[in-house]
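Reader: I am new to this structure and would like to know what lies behind the words used for it. Could you take me through it?

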Amino acid sequence: MAGMIVVPPGEGEQHWQPQPANGWIEVLTAPRLAGAPAGFSAGLQELPPLGKIREHAHPAQTEIFWIVAGECLARLDGQVRRITAGTYMVAPPHVRHGFINDGAHPFRMLWMLIPAGLEEFFVAIGKPKVAGAPDPTPYPRPSETGAIELATVFETLDPPPEAPWDTAPITDPAVLEPLRRAARG
């Protein structure tokens, strides 16, 4: 039986993330870490302004989110919504979800995946975040990202995500205005 896991702030396994997310993730628990329970993984993810998590879904995993800081636009099961700090969400298998930080401040969320696997994707596409080293973002997604997605916890979406929910970086914030209007309802 595993004991308590305590991860002080900033002491999880950290990785910079490529475009379009940019920002970073911190793995807080995963089955491969010493003393961690099996069956789920959890971490923090921070998106800088205009960073995004492309619309995606998981074939057999439930993803749980708690928004820690900031706000964003989210596309949740086809609906555009404004998500703010304090919001809790659950995305069951096959439910599409994506996030775009359209604000001026970082957006940070806690994620948990049951069963685990999302952390392996983040590690495979990321660059280790080392104290004192410069922020390498933005940098392009690795060419093998699609294969890494399918080897971990992502399913192929049909139809594929449309802009701006796709993998292209957002370079013009004006493209987000129609989404802001849709989120206001």
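Author: Gladly, and let us begin with contacts. Of the contacts in the protein with a separation of 6 or more, 72% come from residues 24 or more positions apart, where contact means heavy atoms within 4.5 Å. This is a predicted model, in which local features need pLDDT of at least 70, side-chain atom pairs count only at pLDDT 80 or more, and totals for chains, interfaces and linings use all residues. Residues are numbered from 1 along each chain as its sequence is written, and side-chain values use heavy atoms, with hydrogens and water left out.

Reader: What makes up the protein, in helices and strands?

Author: The protein has three helices and eleven strands. Helices (H or I, at least four residues) and strands (E, at least two) are DSSP runs, numbered from the N terminus. In that direction the order reads β-β-β-β-β-β-β-β-β-β-α-β-α-α.

Reader: Why is the protein called as compact as a globular protein of that length?

Author: Its radius of gyration is 16 Å, close to the 16 Å that the globule rule gives for 185 residues, so the protein is as compact as a globular protein of that length. The radius is taken over C-alpha atoms, and the rule is 2.2 Å times the number of residues to the power 0.38.

Reader: Why does Q45 count as buried?

Author: Buried means under 20% relative accessible area, exposed over 50%, and partly exposed in between (1.4 Å probe, protein chains only). Q45 has 5% relative accessibility, so it counts as buried. Q45 is in strand β3 (residues 41-47), and beyond its neighbours within four places in sequence its contacts include W24, I53 and F122.

Reader: Why is S41 called buried?

Author: S41 has a relative accessibility of 0%, so S41 counts as buried. S41 also lies in strand β3. Leaving aside neighbours within four places in sequence, S41 touches T29, W111 and L118, among others.

Reader: And why is D77 called exposed?

Author: D77 has a relative accessible area of 58%, so D77 is exposed. This residue lies in the loop between β6 (71-76) and β7 (79-84). The phi of D77 is near 55°, a positive value in a residue other than glycine.

Reader: What makes strand β4 mostly covered?

Author: Five of the five residues of β4 (residues 52-56) are buried. Over the whole protein, 43% of the 185 residues count as buried.

Reader: How do you know that β4 and β9 pair?

Author: Two strands pair if DSSP finds at least two bridges between them. β4 and β9 (residues 97-100) have three bridges, in the antiparallel sense. In this pairing H56 stands opposite H97 in β9.

Reader: Which strands are the edge strands of the open sheet?

Author: The sheet has seven strands in the order β8-β5-β10-β3-β2-β1-β11, with antiparallel pairing. Its edge strands are β8 (88-91) and β11 (127-128), each pairing on one side only. Within the sheet, five bridges join β2 (residues 24-29) to β3, and these two run antiparallel. There V27 stands opposite G43.
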